[in-house]
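Subject: A structure for you to look at

Hi,

Here is the structure I promised to pass on. Could you open it alongside this note? My findings follow below it.

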Amino acid sequence: MIILHHTGGGSADATWRYFDRPTIESARKTIADAGDLNVSSQFLVDRDGTIFRLMPETSMARHCVGLNHVAIGVENVGDLDAHLLTDAQVEADAALVRDLKARFPAITHLIGHHEYLAMEAHPYFVERDPKYRTRKADPGPAFMAKVRARVADLGLEGPPVR
């Protein structure tokens, strides 16, 4: 599966510096309570569409509760307010999804981080602590609709409809 996110900030450099720390900041209490390993992602997409590979696709990153073990994470620099996601990021994400699906044909799903809770009943979802959940808004339905429209021919599933 591929999970799209946004960083909540406007800088690829700041995101890189944040991800480059081994431990999570204590202010992120819900995540820190589940372990001190920092968050991470396989890819980062800058506002101009530049794609950075942060770690191998075959290494597990910590970016989505319950799905990390089966997911490739793609962080997009931006948010839903001050640094809106760009058309260049839509195009870059679509190209990256196509590349990943070509190289890893077993990929079946494309979801946004905001959709992950809908996957709880799916066999892919594995989280032993029933209290460890987060509420996410990223990258948002509009961004996901744009990316999905560009990769519709791949037949990737979204989250189950509840």
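A definition to start with: rings of Phe, Tyr and Trp count as a pair if their centres lie within 6.5 Å, with planes under 30 degrees apart called stacked, over 60 edge-to-face and the rest tilted. Please keep in mind that this is a predicted model.

Searching the whole structure on that basis gives 2 aromatic pairs. Tyr18 and Phe19 make a tilted pair, with 6.4 Å between centres and 55° between the planes. Tyr116 and Phe125 make a stacked one, at 6.5 Å centre to centre and 20° between the planes. Tyr18 and Phe19 are both buried, and so are both Tyr116 and Phe125.

Tyr18 and Phe19 also lead us to helix α1, residues 12–19, where the buried residues are Ala12, Thr15, Tyr18 and Phe19. Viewed down the axis of α1, these buried residues fall within an arc of 120°, so they line one face of the helix. They pack against β2 (43–45), β3 and β4. At the N-terminal end, α1 is capped by Ser11, which has a side-chain oxygen 3.2 Å from the backbone nitrogen of Asp13.

Now to the sheet. It is open, has 5 strands in the order β3-β2-β4-β1-β5, and its pairing is mixed. β3 (51–53) and β5 are the edge strands and have a single partner strand each, so one side of each has no neighbour in the sheet. On average, neighbouring strands are turned by 25° against each other, direction ignored. β1 and β4 pair in the parallel sense over 5 bridges, and Leu4 stands opposite Val74 in β4.

Helix α4 packs on this sheet, touching β1, β4 and β5, and its direction makes about 160° with that of β5. Which residues of α4 (141–150) are buried? They are Phe143, Met144 and Val147. Seen down the axis of α4, they fall within an arc of 95°, so they too line one face of their helix. As a reminder, an α-helix has 3.6 residues a turn, so residues three or four places apart point the same way. On the other side of α4, Pro141, Ala142 and Ala149 are exposed. The buried residues of α4 pack against β1 (2–6), β4 (72–76) and β5 (110–112), and also against helix α3 (87–103).

Happy to talk any of this through once you have had a look.

Best wishes

Note on methods: Residues are numbered from 1 along each chain as its sequence is written. This is a predicted model: local features need pLDDT of at least 70, side-chain atom pairs count only at pLDDT 80 or more; totals for chains, interfaces and linings use all residues. Side-chain values use heavy atoms; hydrogens and water are left out. Rings of Phe, Tyr and Trp (its six-membered ring) pair if their centres lie within 6.5 Å; planes under 30 degrees apart count as stacked, over 60 as edge-to-face and the rest as tilted. Buried means under 20% relative accessible area, exposed over 50%, partly exposed in between (1.4 Å probe, protein chains only). Helices (H or I, at least four residues) and strands (E, at least two) are DSSP runs, numbered from the N terminus. The arc is that of the directions from the helix axis to the C-beta atoms. Contact means heavy atoms within 4.5 Å. Two strands pair if DSSP finds at least two bridges between them. Axes are lines fitted to C-alpha atoms, for helices over the stretch in contact, and angles run from 0 to 180 degrees between N-to-C directions. A polar contact is a pair of N or O atoms within 3.5 Å; within protein, one must be able to donate a hydrogen and the other to accept it, and residues adjacent in sequence count only if both atoms are side-chain atoms.
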